[in-house]
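Here is a short report on a predicted model. Please look at the confidence values alongside the domain layout.

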Amino acid sequence: METEASLVARARAGDADAFEQLAGAHADRLFAVLLRLLGDRGEAGDVAQEVMLRAWQGIGRFEGRSDFFTWLYRIAVNEANRALEKRSRRPADVPIDTEASQLPASARDEPTRQAENRELRAALDKALADLPPPYRTAIVLRDVEGLSTREAAEIAGVSEAAFKSRLHQARLKVRAVIGDETLITAGG
Amino acid sequence: MSLLRRTDDHQWSQQHLSHYVEGDLGRRAHRRLGRHAQDCVDCGRGILAMRALVRMIQGLDGLQGVRAPAGIFDRVRASGGN
């Protein structure tokens, strides 16, 4: 199996197949991140195409100082922010499609608990969707995607200290929306 | 402990619950919040709520099972990339 370094070298030399193989390995996860950040499948798909185009056009500037996925995600976060900015300038806002809330709850849950979990999950998705983009990005990268603070900060394009500050503020905001009682009961 | 000190501790603790559960406080600050939370029902519950919230968000996963749309490289190809 070809290594990432070799695929990067071929892509930098203009080999589009190598680029597709390289970027394609991260496509599903990248799309999921965009879906979380944008909350709309159609828009996430559109932005994902733009991310791939920009990455392809910029692959010559990728020098391997960071991981390829970190570099790709950084483009994705920038493009998502650009899309959100455009959206905020539109007269009528596009409603957030909280697709995540429609995902099935764990099959292990009892029926009554499933309903409560679905409700809580929808509230959580809404609270995340309502966060200002930098805060939402912090939670998605660090808590949902499980990236390290260093990786997440690099992708968000801020220092680790600034990133942590955003993350903590974001969690406080979500906590305030959901409420301690609900969280403690659900966290049981 | 003066009322002013307790109020300061409470406001500061409420702002640092995420730092506390993340382990992002220095030793003295961690001890300060922990000590305050032992006497303050709101902050004690705040710590439990923050821990539950972080677990819950982490449990959201990255929408595993979601697949990227088939045309994700369409613009790359249209640009002459393939």
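The sections below cover conventions, confidence, domains and the contact between them.

## Conventions

Residues are numbered from 1 along each chain as its sequence is written, while chains are lettered from A and ligands numbered from 1 in the order in which they are written. The model is predicted: local features need pLDDT of at least 70, side-chain atom pairs count only at pLDDT 80 or more, and totals for chains, interfaces and linings use all residues.

## Confidence

Among the elements of chain A, helix 9 (residues 160–178) has the highest mean, 97. Helix 6 (residues 111–130) of chain A has the lowest, 84. Helices are DSSP runs of H or I, at least four residues, numbered from the N terminus.

Residues 100–105 of chain A stay under 50 in pLDDT. The model gives them 10 contacts beyond four places in sequence. A contact means C-beta atoms, placed from the backbone, within 7 Å. Where pLDDT is low, the predicted coordinates should not be read in detail.

## Domains

Chain A splits into domain 1 (1–97) and domain 2 (103–188). These bounds come from an automatic or database domain assignment. The C-alpha centres of domain 1 and domain 2 of chain A are 22 Å apart.

## Contact between the domains

Domain 1 of chain A puts 12 residues into the contact, and domain 2 of chain A puts in 12 residues. On the domain 1 side, helix 3 (27–38) and helix 5 (68–89) of chain A each supply at least two residues. Helix 5 of chain A gives the most to that side, six residues.

Technical notes
Two residues are in contact if their C-beta atoms, placed from the backbone, lie within 7 Å. pLDDT is the predictor's confidence in each residue, from 0 to 100.
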